[in-house]
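Please review the model shown here. The report then takes up selected local features.

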Amino acid sequence: SLSKKYSISDVGLRKACLRMNIPVPVSGHWQQVKFGKKFKKPSLTGDEKEHKEITLALRDPNAQKKITIQSVLPKLKNDIEQNDKLNLIVPEKLSKPDQLIIVARQSLKNHRYPNNGLVNTQTGELDIKVTKANIPRALRFMDTLIKAIRTAGYKISIEKQFTSSPDQFTYVIIHNEKIKLGLREKTKRVLRVEEKSWNSYDYIPTGILCLKTGNYNEKEWLDGKKVLEEQISSILAWLEAKSNEMHEHTIYWKNQREIQRLEEEKKLAYQELREKELKNFNDMLHNASRWQQTNNLRNYIDAMEANAKERGDITEEILNWLAWARNKADWYDPFIGSTDEFLNDVNPNQI
């Protein structure tokens with residue numbers, strides 16, 4: 001109920017409660033409530049640690065429902081297929097290949113040591129891994145896809161995922177969002193028949209091409225009812241939709257960081273004001289105490305003078321002491337604060 005009212009998920013609200021040591025219903029609690037069974041309500045521990053409050057924003061009733069990738073794919077795909085500038089047909093022969101394709105072709109043809117029958121490009125080149133027999137097909141497909149990507153106004157980039165890593169990967173860049181891309185030929189795991197105490201396998205190329213995206217193979221297209229060459233419009237549509245989702249996510253977290261920054265600034269400003277307020281109050285207490293002590297000093301000095309007069313003992317030494325004492329009282333008095341030859345570097349409030 002609360003997660004529907006406030007802009008927080010039920011899981012997020014539960015975590016907030018746990019952080020603040022607020023008991024939450026245990027498993028089976030609501031079944032007990034439903035059937036009228038009694039249960040012991042746990043009490044608050046009073047140990048909130050550093051988390052003493054949480055601020056929740058009300059949900060915007062006018063907010064649009066989140067748009068999913070699948071909901072926008074049909075329109076995007078149709079728009080792409082209706083775009084006369086885009087060539088979505090993979091040719092029978094490679095013609096005027098992109099420079100990235102030229103480099104990849106040379107790398108694949110010169111690869112001398114296949115792994116499970118597959119050859120692959122080098123780091124810093126298009127990410128392709130296929131059998132030698134499938135090199136022409138892979139290059140024609142990738143050339144068509146790259147040209148379509150460029151025509152659509154997107155970019156193809158080969159760069160490091162992490163600054164410290166020597167490996168470089170192929171990325172499609174849309175709205176400044178990067179989506180990793182790689183072409184693979186599928187392999188099939190086949191049990192190797194050997195007399196061993198453990199199973200070992202061979203990986204046999206299947207001839208099926210597969211385009212993978214994302215760091216963890218988030219989305220893939222492969223030969224099936226349609227060969228990969230017939231799925232370029234679907235690929236472009238998904239890349240566009242995914243980049244839009246990523247872009248919205250980037251903007252959201254940018255806004256969240258800005259909100260957090262402003263909150264931190266607000267907390268810092270409040271803390272500074274609080275510290276200033278406390279300092280001013282402490283200064284007032286010290287000054288009030290000094291004022292009282294100054295009055296006591298002057299009363300004492302006056303009493304010393306009266307006592308000396310009463311005894312008829314007003315000597316030059318007494319007069320010098322009275323002048324010295326009254327100067328010190330003026331120096332200590334918060335309303336006067338006169339200078340003193342020997343105590344100017346001393347803070348009266350620290351005495």
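## Basis

This is a predicted model, in which local features need pLDDT of at least 70 and side-chain atom pairs count only at pLDDT 80 or more, while totals for chains, interfaces and linings use all residues. Residues are numbered from 1 along each chain as its sequence is written, and side-chain values use heavy atoms, with hydrogens and water left out.

Helices (H or I, at least four residues) and strands (E, at least two) are DSSP runs, numbered from the N terminus.

## Threonine 170

Threonine 170 sits in strand E4, residues 168–174. Its relative accessibility is 1%, so threonine 170 counts as buried (under 20% relative accessible area; exposed is over 50%, partly exposed in between; 1.4 Å probe, protein chains only).

A polar atom of the threonine 170 side chain lies 3.0 Å from the backbone nitrogen of aspartate 127. Contact means heavy atoms within 4.5 Å. Neighbours within four places in sequence aside, threonine 170 is in contact with residues including Leu126, Ile156, Ile158, Ile179 and Leu181.

## Helix H2

Helix H2 spans residues 10–19, and Leu13, Ala16 and Cys17 are buried in it. Seen down the H2 axis, the buried residues fall within an arc of 100 degrees, so they line one face of the helix. The arc is taken from the directions from the helix axis to the C-beta atoms. Helix H1 (2–5) is included in what covers these buried residues of H2.

At the start of H2, a side-chain oxygen of serine 9 comes to within 2.9 Å of the backbone nitrogen of glycine 12. Just after H2, asparagine 21 has a positive phi of about 60 degrees.

## Salt bridges

The structure holds 22 salt bridges (a side-chain nitrogen of Lys or Arg within 4 Å of a carboxyl oxygen of Asp or Glu). One of them pairs glutamate 159 with lysine 178, at 2.2 Å from N to O. Glutamate 159 lies in strand E3 (residues 155–160) and lysine 178 in strand E5 (residues 177–192), so this pair ties together parts 19 residues apart in sequence. Lysine 178 is partly exposed, at 41%.

Glutamate 245 and lysine 242 also meet in a salt bridge, at 3.0 Å from N to O. They are three residues apart in helix H7 (residues 232–311), and therefore separated by about one helical turn. Glutamate 245 is partly exposed, with a relative accessible area of 27%, whereas lysine 242 is buried at 10%. Salt bridges that share partners join Asp302, Glu305, Lys309 and Arg326 into one network.

Definitions and conventions: Polar contact = N/O pair within 3.5 Å; in protein donor to acceptor, adjacent residues only side chain to side chain.
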